[in-house]
Amino acid sequence: MAHLKERFDKFLHEKNVVTDLLSKIEAKTGVNRSYIALAIVGFIAIYLVIGYGASLLCNLIGFVYPAYLSIKAIESASKEDDTKWLTYWVVYGVFSVAEFFADIFLSWFPFYYVLKGGFLGWCMAPTPSNGSILIYTRIIRPFFIRHEAKIDSAVKDLKDKASDAADKFKEEAKRATANIIFEEKKST
């Protein structure tokens, strides 16, 4: 437990937007930033249980901070942070698709949004063994490697069908435009 508290305090003293804000609040109030962060997490957890718009708040938790850090990763020289956030977005995407089909059932469970928020927090946690890395290396990557040829074939088929549909649409648009122009010239 002491190890977790130490890691939490270390995280709260790293240099980023959130910790800068916590530092300002700590300086103005005199309250330790650990307590402020725990109060914010507690408030969010309670709100996710009883508040209106819990689904939106969960999606914001899973999107806003990771998007910000992804932009910072893109702009940094390091490749390691790019890989970390790409991994997060792959897991987030798989989770979002799975949730789309299961949400109608899952949203009726008590504390669903608290668990979802916790899961998303775990997936973006600034630790070497965060959730997205674990889920990617243990579930998504092995599945992908096992089925890569089938997935590539399906993607190629979809790409070809989309290209054919776009070509047909373009031809129909040209024909319709030519007919409109012809009808306008004919009526004048």
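## Crossing of H4 and H5

In this predicted model, helices H4 and H5 cross in a left-handed sense (the near helix is turned anticlockwise from the far one by less than a right angle). H4 covers residues 54-75 and H5 residues 80-106; their axes come within 9 Å and cross at roughly 155° (lines fitted to C-alpha atoms over the stretch in contact, with angles from 0 to 180 degrees between N-to-C directions). The two helices are therefore roughly antiparallel, a label for angles over 145 degrees. Helices are DSSP runs of H or I with at least four residues, numbered from the N terminus.

On the H4 side, the contact (heavy atoms within 4.5 Å) is made by Asn-59, Gly-62, Phe-63, Pro-66, Ala-67, Leu-69, Ser-70, Ala-73 and Ile-74, and on the H5 side by Asp-81, Asp-82, Trp-85, Tyr-88, Trp-89 and Tyr-92. By class, ten of these residues are nonpolar, three polar and two charged (Ala, Val, Leu, Ile, Met, Phe, Trp, Tyr, Cys and Pro count as nonpolar; Asp, Glu, Lys and Arg as charged; the others, Gly among them, as polar).

## Nonpolar cores

The largest nonpolar core has eleven residues, including Leu-69, Trp-85, Tyr-92, Cys-123 and Ile-140. A core joins buried Ala, Val, Leu, Ile, Met, Phe, Trp, Tyr and Cys residues through side-chain atoms within 4.5 Å, buried being under 20% relative accessible area with a 1.4 Å probe, protein chains only. H4, H5, H6 (112-124) and H7 (131-187) each give two or more residues to this core, and H5 gives the most, four.

## Basis

Local features need pLDDT of at least 70 and side-chain atom pairs 80 or more, while totals for chains, interfaces and linings use all residues. Residues are numbered from 1 along each chain as its sequence is written, and side-chain values use heavy atoms, without hydrogens or water.

Note on methods: Angles under 35 degrees count as roughly parallel, over 145 as roughly antiparallel, 65 to 115 as roughly perpendicular and the rest as oblique. Buried means under 20% relative accessible area, exposed over 50%, partly exposed in between (1.4 Å probe, protein chains only).
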